[in-house]
Amino acid sequence: MNLGNGNYYSLTQSAAVIWESIQQHATLEHIQDRLHMQYSGDTGVMNKDLTDLIQALEAEHLIRCQAASKVGSQDDAPVAEELSAHEREAYQPPLFERFTDMEDLLLLDPVHEAEDDKGWPHAKGSP
Amino acid sequence: MLDQNHAALELLVIDNASTDGTAEIVRGFSSIRYFYLEEKGLANALNHGVERSQDAFLGFLDADDLWIQNKLATQLERFAANPSLDMVFGHIEQFLSPELEGPVKQRLRIRRKELPGYVKSSMLIRKESFWRVGLFDKSMEFADFIDWYMRAQEENLQELMLPDVLTLRRIHETNMGYTERNQRIDYARVHKRSLDRRRRLSKT
């Protein structure tokens, strides 16, 4: 949900896996590896889909990308176990949907005091 | 509410363990049916009123907001003109509660004074339409109406948003939405549940 503009979003299929990795501050390479390990299919297509999704998420101000050296989280992110070829599921492209039908309700509250550069959930005045 | 220029009004007051002398005040009005609830919770109180009301239309007014004098009359006119309508909303005008001063007043920002009132206080709904959606979800502490409205949309209830200001919304320090950061968790839950319902529907 983006309480700044009243949009909400749905991430399904491999987009759910990608979002999970993003929450763990994984690097782009790390997410690519994870997709290649989890799914069977054309890795070139997976990489392209991933880049497109990242761009879409960034365009909606849901994430911000940083240089990997600044994040330094690659070591912390859990490494998925490599599945043997027959254990992998068939690749399903990431599905990212945006909904605007609740905008009028979500923007009603005088609660949205988030600082512009931080966004939710860093409410103004909170540490 | 008593100022409404629509005469026939069934009025229920649900006192959710308030400490501001509500019972004393209500006692002075013989037309009001008064209920006292020990069990706390906004959705619970709303449901209590819905279940006990007998009129064909339902309107809600939270303790801190105000209705414009012709709210009900204006909305009932639209229902009479269009029998297929399920619910009618109006715009709301937000105002800073007059007792506010100093830093609190500085902190509360009203981004837009007047805006479409997708809130309970502005809605008038046919009771039979309300029951198609069902009661407010008691597990929602803050997003009771957002949850209810999403379910109403899923039921394809026909709505009308009037451009007239029909409700005055008081902004003060204790607006539930303002004080409770947890409401955001409720909001997210509500949207997730709605998405899940729609995904299930699209699969069948």
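In chain A, 73% of the contacts between residues at least 6 apart in sequence join residues at least 24 apart. The model is predicted. Chain A has 127 residues, of which 19% count as buried.

**Secondary structure**
- Chain A holds 5 helices and 4 strands.
- Read from the N terminus, its elements follow the order β-α-α-β-α-α-β-β-α.

**Packing of α1(A) against α2(A)**
- Helix α1 of chain A spans residues 14-23 and helix α2 of chain A spans residues 28-38; the two pack at an angle of about 140°, and their axes lie 10 Å apart.
- Angles over 145 degrees would count as roughly antiparallel, so α1(A) and α2(A) are classed as oblique to each other.
- The crossing of these two helices, α1(A) and α2(A), is right-handed.
- On the α1(A) side the contact is formed by A:S14, A:V17, A:I18 and A:S21, and on the α2(A) side by A:H30, A:I31, A:R34, A:L35 and A:Q38.
- By type, the residues in the contact of α1(A) with α2(A) are 4 nonpolar, 4 polar and 1 charged.

- A:Y9 is part of strand β1 of chain A, which covers residues 8-12.
- With 18 other C-beta atoms within 10 Å, A:Y9 is partly exposed, because a buried residue needs 20 or more.
- Apart from neighbours within four places in sequence, A:Y9 is in contact with A:L62, A:F96, A:E97 and A:R98.
- A:L57 is 48 residues from A:Y9 in sequence, and the C-alpha atoms of the two are 9.8 Å apart in space.

Note on methods. Residues are numbered from 1 along each chain as its sequence is written. Chains are lettered from A and ligands numbered from 1 in the order in which they are written. This is a predicted model: local features need pLDDT of at least 70, side-chain atom pairs count only at pLDDT 80 or more; totals for chains, interfaces and linings use all residues. A residue is buried if 20 or more other C-beta atoms lie within 10 Å of its own, exposed if 12 or fewer, and partly exposed in between; C-beta atoms are placed from the backbone. Two residues are in contact if their C-beta atoms, placed from the backbone, lie within 7 Å. Axes are lines fitted to C-alpha atoms, for helices over the stretch in contact, and angles run from 0 to 180 degrees between N-to-C directions. Angles under 35 degrees count as roughly parallel, over 145 as roughly antiparallel, 65 to 115 as roughly perpendicular and the rest as oblique. A crossing is left-handed if the near helix is turned anticlockwise from the far one by less than a right angle, and right-handed if clockwise. Ala, Val, Leu, Ile, Met, Phe, Trp, Tyr, Cys and Pro count as nonpolar, Asp, Glu, Lys and Arg as charged, and the others, Gly among them, as polar.
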